[in-house]
Amino acid sequence: MARAVRLSDYTAATVMALRREASSTLHAIGLPSGLSDLGGLPDALSVLPEDVYAPNRERGEAILNGHFTLAGESLSTDGPAATWLQPAPTRAFARRLHAFGWMRDCLAADPEAGPDAIRRYVDSWIDNFGRWNSFAWSHDILSMRLLNWLRCGDALFNGDEDSRKARQARFRSLLRQARYLQRSIAIAPDGTTRLQSAAALTLTGLCLPGRDALQRAGFQALAREVQRQILPDGGHVTRSPRACAEALIDLVTVREAAQAAGADLPQEVRRAIDRLAPMVRFFRMSDDGLASFHGGGEGDRHALKAALDHDDTRARPFGFAPHSGYHRAEAGEATVLLDVGNAPKGPLSTGAHASALAFELCTSGGRLVVNCGWHDDQPASWREAVRATAAHSTLILDETSSARLFPPGWKRDLLGPRLATAPASVSARRNEEEMGIWLEGIHEGYREDYGLSHRRRIFLAADGGDVRGEDALFRPVNDGAPDDVDVRWRFAIRFHLHPEVRASLSRDSMSALLVQPNGDGWRFRTDGGPIRLERSVYLAAGAPPQRATQIVVQGEAEPFGAGDRPPNRVRWAFQRLGQVGGAEGETG
């Protein structure tokens, strides 16, 4: 287990916190110059970017009736003005509210009343928060708000149904926020927030006529960030499939806007898009949703398809992403994705999960083995729990996560919810044969405390109907540890099942029958039984959390393999049975 935070991280975090506090104080008292000098305001957007995200009409109808449900919480209001004066149930709710992603829901719910409603909400927000607010103007919220305002720009900025004065106030606010991003992007949180801020700044400069300076500043920031954040294999530095997909969606939106505006997109951005598109395909499972690793869920399938439809390379998914740290095996309509990468470091780990050697399995019948995942519509109370190793389909030793977060206290307050420790190293290899594909990974997350390494091997047969695995805890050769330790620790290998998969144990509890929604049956077997079926939860598809089942194989691990005890090895398999229809249990 390696410490993920060094003394220099504390120093850097302290300096950044002071810079942000100074910036916030100066803007609160109105000292910065230039934000009020916005120049002439346009009458309309010159470019209307496409909104590729799928709306939620049911939520839109509720919002039009004054009922918001965001981030797993609800709030009822008496209209736009009252909405911004009422205390939000949680900070997560407030973030979603101030980001305005729900506007598309209102437009889809009622094409006639929706545009007027969102204009009134935006105008009321400007009255209350348009000058400055440290929370509402934080970079993650502000950048999402600009992107959402522009994606709903036809209703907000180009309509003739409201007064020119109201439209001018919206343009003034849009420019004020973009100019703030331009001046402060260097102190935006590193990772997805800074990349999204650069995209929002660029898109604003492209959509507004006569804002060449803003456009140039956006292009420069965007080119710099994609070089820093998009890996050579097309992944994102956070190792998050969601971050990779959202980067592609935002960059494709910028590229299409640049083409419409007649602007030359920087070469670095074009190259980043060419790398991102194949990587997003790599992360897509056979149901067209994303695999759930490192802070993401299944994603917006409509937005994913729209972004990939603009991909000129049309490259097929590859098998190994060496920089992102994932293996992908695909055969006979079955797909396995295995996490074999080192945890991201520093501020990039604030959304990282303790998911070393976790895997997901998707078949022609849908998702079979999953991780619990995450979605921003979920209650914030679940966020930390699903980052633990136990929330992933992998082995956990002594109920201890392979990577650990800082406990509540001054360190977390200063550094954020980043990883405090992570596996010292994760290694991987693969072997493709005529019979199928072998994947293997080893991580050292338990070596320092327990003297053991975890090795996982997975085999996917060529017909996709046989997935075999082996998990082993072993003492590395020549590690210098004593041989006479007589301590055993409990381990558990967890296989979280998708909520739509029905599971039932055999009478001897040595196998389980799994039935997918289309009637496809799979048998799970292991030599490490007996096995148990326990409750699980699935958050990757969106709120509310869905009840699910997990298969648990437990055992005792020797610390150093002393004596004549059996090796710390468990073999398991998922094998297709064909159509079993309405089978409710096993009798064998």
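Q: What makes the chain's radius of gyration agree with that of a compact globule?
A: In this predicted model, the chain has a radius of gyration of 25 Å, and a compact globule with 588 residues would come out near 25 Å, so the two agree. Along the principal axes, the C-alpha atoms fill a box of roughly 80 × 55 × 45 Å.

Q: What else is there to say about the chain overall, such as how much of it counts as buried?
A: Of its 588 residues, 57% count as buried, and buried here means under 20% relative accessible area. The chain exposes about 24400 Å², with carbon and sulfur atoms supplying 48% of that. Take the contacts between residues at least 6 apart in sequence: 70% of them join residues at least 24 apart. As for secondary structure, you get 16 helices and 22 strands.

Q: How many positive and negative side chains are there, and how far apart are the centres of the two sets?
A: There are 71 positive and 73 negative side chains, and the two centres lie 4 Å apart.

Q: Why is Ile 230 called buried?
A: The cut-off for buried is under 20% relative accessible area. Ile 230 has 4% relative accessibility, so it counts as buried. You'll find Ile 230 in the loop between helix H11 (212-229) and helix H12 (241-261).

Q: Which residues is Ile 230 in contact with, leaving aside its neighbours within four places in sequence?
A: Its contacts are Leu 195, Glu 225, Gly 235, His 236, Ala 247, Ala 272, Arg 275 and Leu 276. There's also a C-alpha distance to look at: Ile 230 and Gly 191 are 39 residues apart along the chain, and their C-alpha atoms are separated by 10.0 Å.

Q: Why is Leu 357 called buried?
A: Its relative accessible area is 0%, and buried means under 20%, so Leu 357 is buried. Leu 357 sits in the loop between strand S6 (334-339) and strand S7 (359-363). Its backbone is worth a look too: phi is near 65°, a positive value in a residue other than glycine.

Q: Why does Asp 398 count as partly exposed?
A: Partly exposed is what falls between the buried limit of 20% and the exposed limit of 50%. Asp 398 has 33% relative accessibility, so it goes in that class. Asp 398 also has a positive phi, near 55°, in a residue other than glycine. Its place is the loop between strand S9 (395-397) and strand S10 (404-405).

Q: What makes strand S5 mostly covered?
A: Five of the six residues in S5 (residues 326-331) are buried, and that label takes a relative accessible area under 20%.

Q: How do you know that S5 pairs with S4 and with S6?
A: Pairing takes at least two bridges. Phe 320 has His 327 in S5 as its bridge partner. S5 and S6 have six bridges, so they pair too, also in the antiparallel sense. Here Glu 330 stands opposite Thr 335 in S6.

Q: Which glycines take a positive phi in the hairpins of S5?
A: In the hairpin of S4 and S5, with four residues between the strands, Gly 325 has a phi near 85°. In the hairpin of S5 and S6, with two residues between the strands, Gly 332 in the turn has a phi of about 50°.

Q: What makes strand S18 covered on both faces?
A: Ser 511, Leu 513 and Val 515 are buried on one side, and Ala 512 and Leu 514 are buried on the other.

Terms used
Residues are numbered from 1 along each chain as its sequence is written. Side-chain values use heavy atoms; hydrogens and water are left out. Buried means under 20% relative accessible area, exposed over 50%, partly exposed in between (1.4 Å probe, protein chains only). The radius of gyration is taken over C-alpha atoms; the globule rule is 2.2 Å times the number of residues to the power 0.38. Contact means heavy atoms within 4.5 Å. Accessible areas come from the Shrake-Rupley method with a 1.4 Å probe; for residues, only the protein chains shown count as cover. Lys and Arg count as positive and Asp and Glu as negative; His and the chain ends are not counted. The place of a charge is taken as NZ of Lys, CZ of Arg, CG of Asp or CD of Glu.
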